[in-house]
Amino acid sequence: KHYGVLAKLVFTDWVGCLLIWFFFSGIVWLYTKVNYLYMCKSMIPIWVNTIATNSSAGTIPITLNVTTERLKVPMSIASFSIPLGATINLTGAALYKTILAFFVAEIYGLQLTIDQILMVIIISTIMSIAAPGIPGGGIVTGAIFLNLLGLPMDLMGPIAGMYRLIDMSHTTVNVSGDVLGTMLVAKNENIWTGEDFSKTLV
């Protein structure tokens with residue numbers, strides 16, 4: 001039974017991260033008019049690195065290179081937003097903690113109240129800010145998160161054993177969000193448009 005729930009945890013986390021990517025990348029595509037297919041292709045080096053290292057901080061040099069050299073976003077914006085995003089823009093981490101709370105409650109047969117659900121959302125959002133951008137950082141913060149909610153922490157042992165599987169998705173969506181946010185800011189400041197990137201494809 002426990003293995004089945006852990007498998008569901010991994011599956012739900014990956015699906016959630018994919019939905020986050022498609023939602024935010026869709027907004028960027030609509031707002032910047034960037035070539036969506038080639039934008040995804042340009043970000044492959046970032047995704048390879050995040051999957052391999054599970055470190056958003058360690059991916060910063062590659063993220064900066066892709067953002068400025070491939071997507072043609074000015075360094076004046078990217079040099080500020082990318083390092084900042086690696087610290088505070090951890091969407092995947094917030095998703096993971098929210099899913100974690102519900103799955104721990106499910107496996108122990110606990111029913112979360114509306115107040116507890118609101119606390120899950122608020123605390124997971126706050127804890128995702130300034131979370132460590134290192135491999136396995138979510139294991140410690142996940143245990144702290146469950147303790148704050150008064151939920152059992154026993155499952156963090158088995159979760160730690162397979163955490164790398166979900167850390168891949170978290171790190172990838174976190175870093176991707178940094179790039180997408182940078183593109184939105186650059187477009188909003190009228191110093192870059194999707195056409196700037198598309199011109200390099202001709």
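1. Ser 169 is buried, with a relative accessible area of 4%. Buried here means under 20% relative accessible area, exposed means over 50%, and partly exposed lies in between (1.4 Å probe, protein chains only). The residue sits in helix 9, which spans residues 156-188. Helices (H or I, at least four residues) and strands (E, at least two) are DSSP runs, numbered from the N terminus. Contact is taken as heavy atoms within 4.5 Å.

2. A word on provenance. This is a predicted model, in which local features need pLDDT of at least 70 and side-chain atom pairs count only at pLDDT 80 or more, while totals for chains, interfaces and linings use all residues. Residues are numbered from 1 along each chain as its sequence is written, and side-chain values use heavy atoms, with hydrogens and water left out.

3. The fold next. The chain has ten helices and zero strands. Read from the N terminus, the elements run α-α-α-α-α-α-α-α-α-α.

4. Overall dimensions. For 202 residues, a compact globule would have a radius of gyration near 17 Å, and the chain agrees with that at 18 Å. The radius is taken over C-alpha atoms, and the globule rule is 2.2 Å times the number of residues to the power 0.38. Along the principal axes, the C-alpha atoms fill a box of roughly 55 × 30 × 25 Å.

5. Packing and contacts. Of the 202 residues, 49% count as buried. Among contacts with a separation of 6 or more, 76% come from residues 24 or more positions apart.

6. Surface and charge. The accessible surface comes to about 9900 Å², and 70% of it belongs to carbon and sulfur atoms. Areas come from the Shrake-Rupley method with a 1.4 Å probe; for residues, only the protein chains shown count as cover. There are 10 positive and 10 negative side chains, with the centres of the two sets 9 Å apart. Lys and Arg count as positive, Asp and Glu as negative; His and the chain ends are not counted. Each charge is placed at NZ of Lys, CZ of Arg, CG of Asp or CD of Glu.

7. Helix 3 covers residues 44-53, and Ile 46, Trp 47, Asn 49 and Thr 50 are buried in it. Viewed down the axis of helix 3, its buried residues fall within an arc of 165 degrees, so they line one face. The arc is that of the directions from the helix axis to the C-beta atoms. An α-helix has 3.6 residues a turn, so residues three or four places apart point the same way.

8. Two backbone angles deserve a check. Most residues other than glycine have a negative phi. Asn 54 lies in the loop between helix 3 and helix 4 (60-70), and counts as buried at 3% relative accessibility. Lys 72 is not a glycine either, yet has a positive phi of about 65 degrees. Its place is the loop between helix 4 and helix 5 (75-88). Lys 72 is partly exposed, at 36% relative accessible area.

9. Pro 135 belongs to the loop between helix 7 (114-127) and helix 8 (137-149). At 49% relative accessibility, Pro 135 counts as partly exposed. Which residues does Pro 135 contact, leaving aside its neighbours within four places in sequence? They are Thr 53, Asn 54, Ser 55 and Asp 167. The C-alpha atoms of Pro 135 and Thr 98 are separated by 19 Å, with the two residues 37 apart along the chain.
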